[in-house]
Every structure is written in structure tokens, then in C-alpha cells.
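Reader: I want to learn how to read a ligand site. Where do we start?

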Amino acid sequence: MLDVQANFQLGSLNTLRLECVAEYYVCVSSVEELKEAVLEAKRRRAEINLLGGGSNLILNRYLPGMTIHLGLSGRSVSEESNDHVVVCLQAGEDWHDAVLWANAEGYFGLENLALIPGSVGAGPVQNIGAYGVEISELIERVHVVDSQSGKNESLSADECGFGYRNSVFKSPKGKHLIISAIELRLSKHPHVTISYPALKDALPTGSVSPAQVLAAVIAIRQSKLPDPTSEANVGSFFKNPIVDRVTAERLQGEHPGMPQYPVDANTVKLSAAWMIDQLGWRGVEDLGVSISPKHALVMVNKTARYASEVIEFSNKITSSVAGAYGVVLEREPELIGTDTSV
Ligand code: EPU
């Protein structure tokens with residue numbers, strides 16, 4: 001039996017710790033319960049909102065419809081050869097715990113993605129990435145429940161339409177697909193990806209093991225990013241903007257110290273943190289919200305109660321960057337719900 005609750009407080013279930021009331025809330029722990037919750041939402045003519053670890057959401061005061069909290073747990077090996085394993089992780093598993101588990105089992109490839117907050121099911125949605133690795137490179141299959149048909153299906157990596165912090169699950173074409181589990185192809189032979197400059201600098205020269213990479217990524221993140229368990233935040237608040245080559249060259253001429261990362265022959269990724277930092281925002285506090293003194297891309301909620309304060313402050317930063325560099329910053333976390341309780 002599903003335990004659907006009305007007017008449910010989500011304050012402790014989002015890492016920005018914003019006050020939000022869900023019209024209906026239900027936590028599901030199996031695919032069968034997830035399907036039932038989808039049917040229940042249909043019966044109530046309620047739109048569906050999904051909640052995983054709540055670490056990439058900005059919740060407005062009121063969330064109309066049925067909030068489905070994905071609590072499915074379990075990790076297993078679904079295929080194994082001499083060289084590889086395919087691991088199946090249920091959507092409600094904690095991402096960092098899954099990274100630690102895989103490394104301890106001798107399944108390699110996830111080390112660079114350590115300490116990314118949130119649940120497994122949220123990983124493919126924004127194609128989580130850090131230190132030169134994106135989850136899309138490891139995805140074998142993504143299992144979903146289609147909230148329109150009520151049926152389960154699975155998607156190959158190609159069908160997930162992955163891009164930088166983007167996937168089909170964010171687009172109108174795939175918004176109705178609810179991730180219930182993911183399968184990742186990992187290597188049984190130790191191998192490492194250490195091309196990202198900050199990671200390379202933190203490691204000894206010569207051959208390094210996956211365990212050393214894991215430890216280095218954890219150490220870098222702990223020193224450079226505020227811990228969401230003690231400081232309310234959602235990781236990077238803005239995406240790194242991607243601009244055309246001509247714009248990048250103009251900006252490089254005007255700002256010789258600006259970090260730039262070529263994406264392909266025509267586009268270049270800029271560093272949002274660098275621009276925000278250059279404009280003096282690092283450590284600034286306003287409206288109960290601050291830009292972390294540790295990292296200019298992370299917004300920390302000090303005392304704000306509602307999303308409106310976070311958005312008002314972030315708009316000041318967006319305008320400041322647009323004014324100085326002519327670059328429009330896009331938010332990384334998704335803003336959902338309404339500002340009123342009507
Ligand atoms: N920088 C500053 N000031 C700062 C922080 C950074 O000038 O306060 C400069 C750095 O010196 C560096 C550049 O900005 O030249 C890039 O900084 P960093 O290596 O920290 O990476 P990032 O581009 O700011 C991205 C991801 C992070 C991920 C890191 C490491 C996005 C939006 N963010 O940050 O992901 O951990 O790379 O790979 O792509 C997240 O998505 O929540 C997240 C934390």
C-alpha cells in the first residue's frame with residue numbers, strides 16, 4: 001500500500017534547505033511501487049515531480065502535484081567477463097557510496113566522480129561530471145518507468161542524448177521518463193584518467209592506482225567545495241557557458257588570464273567561477289545567501305527560507321557577468337514549484 005501524504009514539508013529533503021510544501025508526497029522503494037505511484041498521480045490528475053537526493057533542485061514555496069521520492073535501493077553485478085563488469089545500481093542509492101563500493105570491489109572507472117552529492121538516479125539526468133570524466137562514458141543502459149504509458153523500458157547510452165550537463169531526461173522528449181536503475185560498464189583492470197590539471201597536480205608523478213585517484217579527488221573536493229551536509233548548497237550553481245570561437249578569442253584578447261577549454265573546432269567552454277570571482281563576488285553575502293569563499297561557483301544558503309531569495313541574489317550575479325563579459329550564465333540546478341501556496 002502506498003503511503004501518500006498531503007501538504008508534506010520538503011525542507012529536510014533538499015540540500016539548499018529551502019522551505020517547500022508538496023501538495024502530495026510518496027516515497028517508493030521498488031519499481032512496482034513506482035508504477036503504482038504513477039497510476040495514483042494519474043487518478044488524482046496530479047503532475048509528477050521527482051525527488052532523489054534533492055541536491056540539484058531549487059524548490060519554490062509550493063510544489064503542486066505528486067512528489068515521488070525515489071527510494072529504490074540495491075547494487076548488483078549484471079554481467080561479468082575477464083575484463084569488465086556491468087553493475088546495476090538502483091536509483092535511490094547514494095552516488096558517493098556507490099563510487100566507494102565499486103572501487104572496493106575492484107571495479108574501476110568511477111573514481112573521478114567521488115563525492116558528487118545526490119542519488120544514483122539523478123546522475124544521468126544532468127550527466128554528472130568531474131575531473132575529466134562524465135557518467136555518460138560509463139553508461140551501458142538506463143532503466144526507466146514511462147509516466148505516460150506506465151510501462152518500464154530501458155535506454156542505451158545513445159538513446160540518452162547526453163551532452164554537457166544535459167540529457168534526454170531534461171528535454172520535452174524524455175521528461176516523462178523516470179529513472180529506476182542504471183547499469184554502468186566498469187573495468188576489472190586498474191586504469192586512471194588524470195588529465196584534468198588540478199587532479200594531475202595533486203598526484204605523484206609516475207604510475208598511480210585508482211585508489212590514489214579516488215583519495216585525491218576526495219581531498220580536492222573537500223578542500224575546494226563546501227560540504228553540503230554542513231553548508232546548504234547544490235554544488236555548481238551555474239553551468240560553464242559555451243561560446244563560439246570568435247567570442248572566445250575576443251574575450252581572451254580583453255582578459256588574457258581567462259581560462260578557456262576548447263569543446264570542438266567551433267566552440268569553447270568558459271569558466272563561470274573565474275568570471276564570478278574576478279567580479280568580486282566570492283565570499284559576498286546578501287539576502288541570506290552567499291557565494292562560497294571556497295569556490296565562486298557554489299552558492300550557500302545561510303539563512304534564506306525561500307527560493308525567491310536565492311533567485312534574486314543569483315540574478316544579480318548573472319547581470320554582473322552579462323554586463324562585464326557579455327556572457328549569459330545559465331543555472332545548473334532546476335527551479336521547480338510556485339512562489340505562492342495557491
Ligand atoms: N576558479 C576561480 N575561482 C574560484 C574557483 C575556480 O577563478 O573560486 C577558476 C579555477 O582557477 C579554474 C577554473 O575556475 O581555472 C575552473 O575551476 P574548477 O577546476 O574548480 O572547475 P569548475 O569549472 O568551476 C567544474 C564542474 C564541477 C566539477 C569541477 C571539476 C561545472 C558547472 N562544474 O567546475 O562540478 O567538480 O569542474 O571537474 O561544470 C557540480 O557540477 O556541481 C560540480 C561541482
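Author: Start with a polar contact: a pair of N or O atoms within 3.5 Å. Here, a polar side-chain atom of Asp277 lies 2.7 Å from a nitrogen atom of the ligand. This is a predicted model: local features need pLDDT of at least 70, side-chain atom pairs count only at pLDDT 80 or more, and totals for chains, interfaces and linings use all residues. Residues are numbered from 1 along each chain as its sequence is written, and side-chain values use heavy atoms, with hydrogens and water left out.

Reader: Which backbone atom lies 2.8 Å from an oxygen atom of the ligand?

Author: A backbone N or O atom of Ser236 does. A backbone N or O atom of Ala296 also lies 2.8 Å from a ligand oxygen atom.

Reader: How much of the ligand does the protein bury?

Author: Accessible areas come from the Shrake-Rupley method with a 1.4 Å probe. Taken alone, the ligand exposes 820 Å², and the protein buries 81% of that.

Reader: Which residues are closest to the ligand?

Author: A residue is near a molecule if one of its heavy atoms lies within 4 Å of it. Here 22 residues surround the ligand, and the closest are Tyr131, Tyr164, Tyr196, Asp277 and His295.

Reader: Which element gives the most to that shell?

Author: Helices are DSSP runs (H or I, at least four residues), numbered from the N terminus. α6 gives the most, with three residues.

Reader: Why does the ligand lie between two domains?

Author: Domain bounds come from an automatic or database domain assignment. Domain 2 (75-224) and domain 3 (242-336) both give residues to the shell, so the ligand lies between them.

Definitions and conventions: Polar contact = N/O pair within 3.5 Å; in protein donor to acceptor, adjacent residues only side chain to side chain. Helix = DSSP H or I, 4+ residues; strand = E, 2+ residues; numbered from the N terminus.
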